[in-house]
Amino acid sequence: MNGRGLIHDWNVAEFETLAWGRHVELNDETLRDGLQSPSVTDPPVAAKIRLLHLMHELGIHSADVGLPAAGPRAVADVTRLCEEIRDSKLALEPNCAARTVVGDVEPVVRIAQRTGVAVEVCAFIGSSPIRRFAEDWTLDRMLQTAEESITFCVREGLPVMFVTEDTTRADAETLKALYGNAIGWGARRICLSDTVGHATPSGVRALLRYVKREIVDPSGVRVKIDWHGHRDRGLGLANALAAIEAGADRIHATAMGIGERVGNVEMDLLLVNLALAGVHDADLSLLSEYCELVARECEVPLPQNYPVIGADAFRTATGVHAAAIIKAQAKGADWLADRVYSGVPASLVGRRQVIEVGPMSGISNVRYWLADRGYDPDDTELCERIFNRAKEVDHTLSEDEVVRIVEQVLQSAG
């Protein structure tokens, strides 16, 4: 069953495809911006290596593997990660962040030379008036340091992405000067950053279109545009989709959205949305492992109600919801059962719909629970005992609680 006609999709009512539904590259920032969260633990290199392999399997195109200027441990980890990408032939292009200071860029160059891997340098500098005022920066000084770092990378044969921090609060003339000159010095990728989560989707579209129309296109050079967003206003994912719609070539994100302050765009949710739009075809069955690895090794709680990956994402104890899923399954339609009460099919990420028993359950929940575990769903006494207990408590019954009732009934019957 393909479900044709069963879901009317207003998302595409006015378009042949979703406005943002086009192929883009994805850059995973978990191992750099993600680790800048003040609450995370920097995981051991073995966990980072496993994460690289998961990124590869999930169809992620590139990864920021660290900030070598942070110190010896960062240099050692970044070196090992570049070696792993090289030796395992992962389809994952590494990049490293560095301030537009030659001293920050030099460790990246040394790692690239040592490993033979062309590490992209993400050279960043603040750009907004408020940042410039706080730092006592002049535009001339900013251009000077940017030129020194970019030309150094180009001479050493490394690709350069020029990044302006706080792009969404910077004025047009400053951006034109910074990006325009960076392109002239050899940067072939530029990154627009919503560093403090200031932007709204309309602001993202306006900024992207301005940069493309007034800076990139007039340069006459093939330059790709990246979008790096934060979610301080809760708009990270929406802004990322707006950036795709407006023409961004690559989107930055992290596992579970971890990162500075409240974090970044959620890579897992971005992958799911692109898959649902039909523009990302990698197998997402490893998405749970990807998030659980980061949650465990970085010591970041994975909320039960986290979309798609959380324990409750495909779990219900509500009678009306459960009844609809059960009726869909009774029609022999797994496709229908996976979507009737779910905007994301559980099967997309290697999971299944789960029906449990609680205060808001109907008797169908109980019968389903029993049948799903090999018990007789038509045992009237068993169903009534579980159902009545569910109505007495203030929570969804745990597996152990229901099993105890089952055992008591079966023992008394035996």
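# A barrel, a core and charged side chains

Reader: Which residue in β7 is the bridge partner of Ile190?

Author: Let's start with the terms: strands (E, at least two residues) and helices (H or I, at least four) are DSSP runs, numbered from the N terminus. Two strands pair if DSSP finds at least two bridges between them. In β7, Ile190 has as its bridge partner Ile225.

Reader: What pLDDT do local features need?

Author: Residues are numbered from 1 along each chain as its sequence is written, and side-chain values use heavy atoms, leaving out hydrogens and water. This is a predicted model, where totals for chains, interfaces and linings use all residues, side-chain atom pairs count only at pLDDT 80 or more, and local features need pLDDT of at least 70.

Reader: In what order do the eight strands close into a barrel?

Author: The strands pair in the parallel sense.

Reader: Which residues have the most contacts inside the largest nonpolar core?

Author: A nonpolar core is a set of buried (under 20% relative accessible area, 1.4 Å probe, protein chains only) Ala, Val, Leu, Ile, Met, Phe, Trp, Tyr and Cys residues joined through side-chain atoms within 4.5 Å. In soluble globular proteins, nonpolar side chains tend to be buried together. The largest core here has 103 residues, and those with the most contacts are Leu52, Trp227, Ile251 and Tyr290.

Reader: How far from Asp28 is the nearest side chain of opposite charge?

Author: Asp28 sits in strand β1 (residues 25-28). Lys and Arg count as positive and Asp and Glu as negative, while His and the chain ends are not counted. A salt bridge puts a side-chain nitrogen of Lys or Arg within 4 Å of a carboxyl oxygen of Asp or Glu. Buried Asp28 has no such bridge, as the nearest oppositely charged side chain, Arg32, lies at 10.0 Å.

Reader: How many residues apart are Arg50 and Glu289?

Author: Their side chains meet in a salt bridge (2.9 Å, N to O). Arg50 belongs to helix α1 (residues 45-57) and Glu289 to helix α10 (residues 287-297), so the pair links distant parts of the chain, and the separation in residues is 239.

Reader: Is Glu392 buried or exposed?

Author: Glu392 forms a salt bridge with Arg389, their closest N and O atoms being 3.2 Å apart. Exposed means over 50% relative accessible area, with partly exposed between that and buried. Because its relative accessibility is 58%, Glu392 counts as exposed.
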